[in-house]
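Trainee: I would like to learn how to read a protein model. Could you walk me through the features, one at a time?

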Amino acid sequence: VSVLTKKERLVMRFLCEICPKRRTYLVSPHDIAIALSKKFVLSISEIDEIMQKLSFENYIDFVASNSKNGYYYCITLKSKALTLKKDLKKQKKEFWFVLARTFGLAVLSFVVGIILKIIFKK
């Protein structure tokens, strides 16, 4: 079970999307901020913290580089990151299953209650 925050999960999803064929990728924090701008406004320092947390949680290896072309991360996805997408999909599927089961049991309880009222009313 993932212990990542919503922002960290979004960053990981973005990283998994841009690195589908290669496990190592060069990306700027600015690119990450733009990709997540619809949901969150992230500063470079927040992205640095998220990258460090993802590295600590063993999802990625990264090296921050400040060159004349700008500030970049060289990111290497680890196997835990590669399975994250499948795990998130599995969690979503399990959530909908539990929700459907709960709804089904509520409907069944309602129907049984009505049937018992009809039986014992007579």
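This is a predicted model: local features need pLDDT of at least 70, side-chain atom pairs count only at pLDDT 80 or more; totals for chains, interfaces and linings use all residues.

Mentor: Gladly! Let us start with contact, which means heavy atoms within 4.5 Å. Residues are numbered from 1 along each chain as its sequence is written, and side-chain values use heavy atoms, with hydrogens and water left out.

Trainee: In which element is I18 found, and how is its accessibility classed?

Mentor: I18 is found in helix α1. Helices (H or I, at least four residues) and strands (E, at least two) are DSSP runs, numbered from the N terminus. For accessibility, buried means under 20% relative accessible area, exposed over 50%, and partly exposed in between, with a 1.4 Å probe and protein chains only. I18 counts as partly exposed because its relative accessibility is 21%.

Trainee: How do I read a sheet, and what is the strand order here?

Mentor: Two strands pair if DSSP finds at least two bridges between them. Here three strands make an open sheet in the order β1-β3-β2, with antiparallel pairing. β1 (24-27) and β2 stand at the edges with a single partner strand each, so one side of each has no neighbour in the sheet.

Trainee: How many bridges join β1 and β3, and how many join β2 and β3?

Mentor: β1 and β3 pair over four bridges, with T24 opposite T76 in β3. β2 and β3 pair over eight bridges, and S67 stands opposite G70 in β3. β2 and β3 also form a hairpin, with two residues between them.

Trainee: Which helix lies across β2 and β3, and at what angle does it run to β3?

Mentor: For angles, axes are lines fitted to C-alpha atoms, for helices over the stretch in contact, and the angles run from 0 to 180 degrees between N-to-C directions. Helix α3 (residues 44-56) lies across β2 and β3, running at about 20 degrees to β3.

Trainee: Now the rings, please. How many aromatic pairs does a search of the whole structure find?

Mentor: Rings of Phe, Tyr and Trp (its six-membered ring) pair if their centres lie within 6.5 Å; planes under 30 degrees apart count as stacked, over 60 as edge-to-face and the rest as tilted. The search finds three pairs. One of them is F62 with Y73, edge-to-face at 5.5 Å centre to centre and 85 degrees between the planes. This pair links distant parts of the chain, eleven residues apart: F62 is in strand β2 (residues 60-67) and Y73 in strand β3 (residues 70-77). Y71 and Y73 also pair edge-to-face, at 5.6 Å and 65 degrees.

Trainee: Is Y73 buried or exposed?

Mentor: Y73 counts as buried because its relative accessibility is 0%. F62, at 21%, is partly exposed, and Y71 is partly exposed at 27%.

Trainee: And what is a nonpolar core?

Mentor: It is a set of buried Ala, Val, Leu, Ile, Met, Phe, Trp, Tyr and Cys residues joined through side-chain atoms within 4.5 Å. The largest one here has 25 residues, and I32 is among those with the most contacts inside it. α1 gives the most to this core, with six residues. Not counting residues up to four places away in sequence, I32 touches V11, F14, L15, V27, I47, M51 and Y73.
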